[in-house]
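Good morning, and thank you for coming.

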Amino acid sequence: MLEHAFGRLCNVTASAPLLRSVPPDAEWFGERITELLAGLTTAFASTGELAGLSPQSVEIVVAEDVAAAVKSLATEVIGVESLQDFSLERVGGTVTGKTMFRDVAHEFPVVVLDAAVFRDESAICRVGEIQITAHELAHAFIGQLRAAGGEPMDPTSLPWEVSRWIARYVIEEYIADSIAESVLGRCGTVTQADGTTRPLACVDFAECAPYFVSAAQETLDNIAETIHDYRLGLIDLETMWLAVQPRTSQMLIALAHAQAEHDHVSGHPGPYATDGAAAPLDRAWRDVCACFSVPLFEGAERFVQAEQAALDRAGKAVLGLWRELGLTFRPEGAAFYISVAPPTH
Ligand SMILES: [Zn+2]
């Protein structure tokens, strides 16, 4: 479905994206870059149209300092994420783009992209710039699809809802990577050693899966150690819980990137990213992998329905992982209790 829909880069009248560089009017921000960004935005406009969405007015900011550019937009955008202390470090890599929205309908996204890959003159960066732009425009597309299909998910601190939010980030990263593969595959071909050609793929920019997998496995150990530190009385409960949540999210997002790369390169989707990982992570990941295929072109309501069902299942997998690491939760009025036990493995 995805392949087919992204193959049809049909003629649509897309409103030209608002494009700018930070710093403003940078000398490197030339025609090649603006034409590429306008072309990809048009391709995504046709995708949005195919999915039954209203036209989207995209602003793209190519910034030498992504973190500063994102922070500068903090008061202009909506969403649950606090951007004031936005940083670029993530498990297994560094942030190269960020998509935010100015309105509830998500028709006015602002996409910040790292200028480094656009400014680099090596041929491989011509692949990378398409990849990071397509990945972020995919987030803009998914955000609008979700907003059109139902009520927004409420911000929460309740663990059994936090787990669903984490599942949402993870599944969305997988889908955005898959869409970027699809777009890239239509932008060029690679001639292989045996003379045959194949479509361009994200792996032609950089092979990332092994790094993401090992970083995720290190993060699992780190989460287990943090819980152990609490049990030893070295840190308090809140410090432990505030560390466990983002680390779990980043760990699973790293696995999603690895999984998307693997599924595309191998052509055989299926749990790979936790081969050789500790059993609790492997068990949870198998369940999350079963949630990746959410329909994008059957209407916005159908997307939200399917996504919510996916979050129920993948969210339970996250709770199951926490349980195996020793953390269980129960409601207490509007708040919750955390019980901390030794890990079950
Ligand atoms: Zn992303």
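Predicted model: local features only at pLDDT ≥ 70, side-chain atom pairs only at ≥ 80, totals over all residues.

Residues are numbered from 1 along each chain as its sequence is written.

Helices (H or I, at least four residues) and strands (E, at least two) are DSSP runs, numbered from the N terminus.

I begin with helix H2, residues 31-50. Its 20 residues reach 29 Å from the first C-alpha to the last, close to the 28 Å expected at 1.5 Å a residue; the expected span is 1.5 Å times one less than the number of residues. Which residues of H2 are buried? They are Ile-33, Leu-37, Leu-40, Thr-41, Ala-43, Phe-44, Ala-45, Thr-47 and Gly-48, where buried requires 20 or more other C-beta atoms within 10 Å of the residue's own, with C-beta atoms placed from the backbone. Just after H2, Gly-52 takes a positive phi of about 85 degrees.

Next comes helix H7, residues 209-231. Its 23 residues should span 33 Å at 1.5 Å a residue, and the end C-alpha atoms are 33 Å apart, which agrees. Among the buried residues of H7 are Phe-212, Val-213, Ala-216, Leu-220, Ile-223 and Ile-227. An α-helix has 3.6 residues a turn, so residues three or four places apart point the same way. The cover over the buried residues of H7 includes H8, helix H9 (279-289), strand E9 (327-332) and strand E10 (335-340); contact here means C-beta atoms, placed from the backbone, within 7 Å. Just after H7, Gly-233 takes a positive phi of about 80 degrees.

How do H7 and H8 pack? Their angle is about 165 degrees, with axes 8 Å apart; axes are lines fitted to C-alpha atoms, for helices over the stretch in contact, and angles run from 0 to 180 degrees between N-to-C directions. That makes H7 roughly antiparallel to H8, a term for angles over 145 degrees.

Finally, helix H6 (residues 159-185) packs with helix H8 (residues 237-266) at about 25 degrees, with their axes 9 Å apart. H6 and H8 are therefore roughly parallel to each other, the term for angles under 35 degrees. In their contact, the H6 side includes Val-162, Ile-166 and Tyr-169, and the H8 side includes Leu-252, Ile-253 and Ala-256.

Methods:
Parallel < 35°, antiparallel > 145°, perpendicular 65-115°, else oblique. Contact = placed C-beta atoms within 7 Å. Buried ≥ 20, exposed ≤ 12 C-beta atoms within 10 Å, placed from the backbone.
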